[in-house]
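Here are some notes for a colleague who has not looked at this structure before. Please read them beside the sequence and the model.

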Amino acid sequence: MPDAAWGERLERLRAAGFVGRAAPLAAIKGSVDGLQPHRVHLVHGPGGIGKTSLLDAAQRVGHAATRTVLRLDARDVVGSPDSVMRWYQPAAGAETPTLLLIDGYELLTPLDEWFRAVFLPTLPSETVTVLAGRAPPSDGWWLDAGWRALAATHELEPLDAAESDSLLGGLGVPQTARSELIRLSTGHPLVLVLLAEASRRRPGLADFADAPDVVSRLCARIMDDVPTPAHRLGLATCAHAAQATQDLLRRTVGDDAEPVWAWLAARPYVRQGPFGLYLHDVVRGLFEAEFRHRSPEAYLGLHRTVREYFAQRVDDPGEPHSLRAATEILLLHRRSPLGRDVADLPSATVPPVERATAADHGWMLDLLQRTQGERTARLAERWFADVAGSGYRIVVPGGPRAFAYHGYLDAPPDDLDDPVASAIWHLVDAHGALRPGERIHVNRFGGVEGSLTDPLMLLVSGTSNAFEWRRHTAAWTFLVAPAPEHYGPFFEYLGMRHMLTLDLGDGPVGGWGWDRRRLDVDGMFEMMAQRELSGESGPPPTELLKPAPLGRADFDRAVRAALTALRRPDVLAGSPLLGTALAGAGEPDDLADVLISAIAGLSSEPRGAEHRRVLERTYLRGAPSQEAAAELLDLPFSTYRRHLGQAVQRLCDVLWAVEIGAVSAARTEQKLSRDRPGG
């Protein structure tokens with residue numbers, strides 16, 4: 001068969017396999033047919049997105065219109081005006097209008113101004129030019145009024161689900177295997193092609209980790225210009241966080257943050273969102289898989305750094321975007337039972353979670369009535385009347401709305417007349433009753449337009465939970481959810497225990513409980529740092545659990561005993577206080593530091609200086625007996641004993657406030673360096 005026949009057959013096969021890109025191809029055809037004024041088409045997108053395939057299709061359009069078609073791959077020429085002119089020379093005397101196609105235009109960036117100012121303006125007016133490259137067009141194309149009218153820009157996005165299905169069908173992938181490949185590829189054409197090839201060798205492919213060879217080939221094609229290890233780590237940071245800021249980069253790449261940020265911002269696969277830089281979803285997945293496979297220890301270190309950074313942003317009362325930081329923490333749960341829901345919240349379009357106000361209660365109640373029934377709405381109205389409660393909302397202009405509501409119980413909830421609240425109160429009483437000053441946090445209501453399993457429900461509830469946990473103390477947390485069969489596995493992945501299921505007539509709701517005195521918030525976040533990577537579920541590991549909480553009387557006795565052993569770490573090692581909030585990491589030295597700094601802190605209270613003086617003389621300055629301490633303080637012994645009893649009781653009150661979360665141990669310890677004797 002002659003070569004020409006083979007070439008024709010090859011073109012027919014290429015045409016048959018071409019999928020999507022209807023809009024840019026129609027625009028190019030319109031210019032070729034003289035139906036629209038654009039004479040230059042600027043096509044851009046990351047590697048493998050289909051720019052070359054679009055140029056193939058444009059070439060077929062040119063041939064069908066009997067145009068002279070001249071095509072250039074920028075990799076084949078030296079980037080100079082002379083080399084471009086030599087390439088163009090065969091078309092200079094063509095009798096028919098010309099279609100010029102240039103691939104890899106990013107390699108000709110130094111000539112971009114020359115193209116606009118010299119080369120293109122000298123071409124015959126019927127000439128149509130398509131410049132395809134990875135980088136978006138430079139500012140000169142739209143700042144110039146002439147080019148603004150004569151040039152059209154086309155950013156190639158991933159294929160949609162139908163186009164992806166059609167491409168896989170043409171590659172011979174069975175219908176039953178396509179949905180997983182479409183989800184994994186997010187419509188990136190090159191990824192679809194390579195996954196189709198890999199799935200023939202490994203049926204059931206469902207994760208990039210299952211195909212490391214495909215990952216390495218794709219990374220080499222899409223991300224082929226990473227100059228230094230710092231830039232690679234910056235790219236990994238941008239892949240791991242939903243949106244990465246320069247502040248976050250300083251945590252991961254240090255002094256290189258500014259140049260790495262500038263480099264990332266210029267990559268064709270990186271976009272700039274309202275809260276930082278983010279990667280195309282498929283590039284994120286690829287680089288995450290590549291980095292984790294290549295350097296698992298570095299990947300774990302990066303994960304912890306990113307997580308700690310956002311947790312600190314949530315904790316900081318001066319942080320203007322603390323709820324966004326809480327959302328970033330939620331978006332790390334990619335391997336959870338609701339990992340698909342997390343994946344359905346793409347970085348570019350995650351709507352912000354905001355604090356709700358009383359003005360939102362009307363639509364929140366209406367939404368509950370429409371989606372969960374009238375009785376649920378009536379119960380919510382009673383909860384909403386509590387000023388201590390907190391509402392959070394997602395409002396998408398012209399689109400869906402969602403909310404979550406959090407309340408607190410510190411007494412039997414008889415006034416709420418809510419069977420769920422009453423059940424929670426009795427469950428806590430049975431499994432770890434509240435102590436004086438403690439309360440229960442309840443994520444009681446959530447609503448969303450449409451299906452209760454819409455990812456927006458996870459977004460508003462997950463974000464607000466992380467925020468409430470880190471900002472507000474409680475002895476217990478209960479998460480109450482409709483659609484319990486959907487959300488239950490996620491709560492169990494969080495280490496919570498299923499403790500109730502009730503049907504109030506509008507469908508079942510489930511309740512999952514967490515005794516925060518046994519596993520504090522820092523312990524919960526430590527556990528999740530592991531589970532976000534492993535996907536493990538079930539009860540928390542025993543090494544993270546603290547002993548059952550002390551009652552107030554036992555707590556006071558333990559404080560009195562610990563005071564007599566402040567200089568004896570061996571004795572403090574047996575103190576019951578090591579299982580309380582006072583002990584931090586559970587070490588005797590930590591406990592001693594909190595006790596000593598609490599004594600020092602008493603001096604800021606009325607009569608506190610007297611309390612501090614008697615405690616320090618008795619327990620810190622080595623008086624051999626109470627009689628000797630009274631003599632050194634120049635007090636009658638009976639007066640000394642009275643003052644000591646009052647001082648110890650006041651110290652117990654202060655430390656109890658730390659134990660139940662009313663005051664943090666960190667705040668108590670902050671005074672240590674300036675107030676502690678010898679500090």
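Where is Arg607 found?

1. The model is a predicted one. Arg607 is found in the loop between helix 27 (588–601) and helix 28 (608–620). Although Arg607 is not a glycine, its phi is positive, at about 60°. Most residues other than glycine have a negative phi. The relative accessibility of Arg607 is 46%, so it counts as partly exposed.

2. Ala483 also deserves a look. This residue is not a glycine, and its phi has a positive value, near 50°. Ala483 is found in the loop between strand 12 (476–482) and helix 23 (484–493). Is Ala483 buried or exposed? Its relative accessible area is 14%, and because buried means under 20%, Ala483 is buried.

3. Next, a point on charge. Which residues gather in a patch of negative charge on the surface? They are Asp386, Asp410, Asp414 and Asp415. Of these, Asp386 has its place in the loop between helix 20 (374–384) and strand 9 (390–395). Asp386 has 31% relative accessibility and therefore counts as partly exposed.

4. The last point concerns a pair of strands. Strand 6 (residues 270–273) pairs with strand 7 (residues 276–279) in the antiparallel sense, and the pairing runs over four bridges.

Technical notes
Residues numbered from 1 in each chain as written. Predicted model: local features only at pLDDT ≥ 70, side-chain atom pairs only at ≥ 80, totals over all residues. Heavy atoms only, no water. Helix = DSSP H or I, 4+ residues; strand = E, 2+ residues; numbered from the N terminus. Buried < 20%, exposed > 50% of the residue type's maximum accessible area, 1.4 Å probe, protein only. Patch = residues over 30% accessible without salt bridge, like charges linked within 9 Å, V, L, I, M, F, W, Y side chains within 5 Å. Areas by Shrake-Rupley, 256 points an atom, 1.4 Å probe, with all protein chains shown as cover. Salt bridge = Lys/Arg side-chain N within 4 Å of Asp/Glu carboxyl O. Lys, Arg positive; Asp, Glu negative; His and termini not counted. Charge placed at Lys NZ, Arg CZ, Asp CG, Glu CD. Pairing = 2+ DSSP bridges.
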